[in-house]
Amino acid sequence: MTINTSYLETSQKARIDELLEKDYTITPIPVADQMGLMVFQCTPPERGRRFYIVPGIENPLPSVTTIVDSTLKNPAIDGWKTSTVTKQLQKKVGSFLLGDDIDFVVGETTRIADESIEIGNTMHHIIDCLLNGEEVDIPDYYNPAVAGYFRWRNHYSHYEWLGSEVAIYDPAGGYAGTVDALFRDTETEGLVICDWKTSGGIYVSHLLQLSAYATAFDEMSLEQRIGQVPTGAMVVRLMTDYPKTSEERISKKTGKAYKAKVRVPDSKKFFTGKVQSMLIDRTIYDPAFEHLQNLYNSLPTDTVVRQQLREQAQVF
């Protein structure tokens, strides 16, 4: 893949060449509201921190999700990971675990997460094609989600689509990101950033992410937007669930039996056809994200920690 880096500084070009040699995925992304300008999204080959190289800005900017994930604990995700591993271990009760068995149990959450990422990426692609008016092959599995998207679109028919997969960045805040879709609200003339989700819920991390996007967009176009309505931000969740079955359980409080609905073992999640959306309150989430930024910027890097361990740690 040939990447046009002609308008980058020499040091930035060299950095991208170095990253390509390390098998990073480098994706040029057009900048929202700035015609012709591109930033470069840099994704490591394995799970790791994504960042952006922005023309004219010396140091790479971490992604919004990197800042949020590095500083905010998600109890729902942590609980799901524990539950998933526990269920896999329960299947092995009474068995001697071989190396492959252990790898399977420990890796189950990664496999499910990778599957969810693939589902989310496919749904993003479908929505982008629909917004662009392009023909797209929609597998049966995604039909309920598409129906839910169209219901949302009809409800917000006054939203005029302006673009998808566009970059935002805030040099002062020290971060960048990629917006799923940008709309103009024709009733208020304000702009609205939308983020498509296929997760099991709408989490605080999603709201902080969108708040950061909206703040950066306002900062990028400050001169043109003086006196205008601040950018809105909406999370749109195409709802999913798992097949359920009834299971008899004993109440810890009363000792009585009751029927509980539980997920069918090893089942695959499906789209329910329902859609959930939320326009976030930036008066709450803007200051909260700023707090996370300050925390992230104050954390020592792994390199610094390793150096401190070499120089200062004692072993007894």
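Trainee: Where is the place of Asp23?

Mentor: Asp23 sits in the loop between α1 (10–21) and β1 (25–30), where helices (H or I, at least four residues) and strands (E, at least two) are DSSP runs numbered from the N terminus. This is a predicted model, in which local features need pLDDT of at least 70, side-chain atom pairs count only at pLDDT 80 or more, and totals for chains, interfaces and linings use all residues. Residues are numbered from 1 along each chain as its sequence is written, and side-chain values use heavy atoms, with hydrogens and water left out.

Trainee: Why is Asp23 called exposed?

Mentor: Buried means under 20% relative accessible area, exposed over 50%, and partly exposed in between, with a 1.4 Å probe and protein chains only. Asp23 has a relative accessible area of 56%, so Asp23 is exposed. Asp23 also has a positive phi of about 70°, although it is not a glycine.

Trainee: Why does Glu165 count as partly exposed?

Mentor: Glu165, which lies in strand β5 (residues 159–170), has a relative accessibility of 32% and therefore counts as partly exposed. Its phi is near 50°, a positive value in a residue other than glycine.

Trainee: What makes α6 roughly perpendicular to α7?

Mentor: Helix α6 (residues 204–220) and helix α7 (residues 282–298) pack at an angle of about 90°, with their axes 8 Å apart. Angles under 35 degrees count as roughly parallel, over 145 as roughly antiparallel, 65 to 115 as roughly perpendicular and the rest as oblique, so α6 is roughly perpendicular to α7.

Terms used
Axes are lines fitted to C-alpha atoms, for helices over the stretch in contact, and angles run from 0 to 180 degrees between N-to-C directions.
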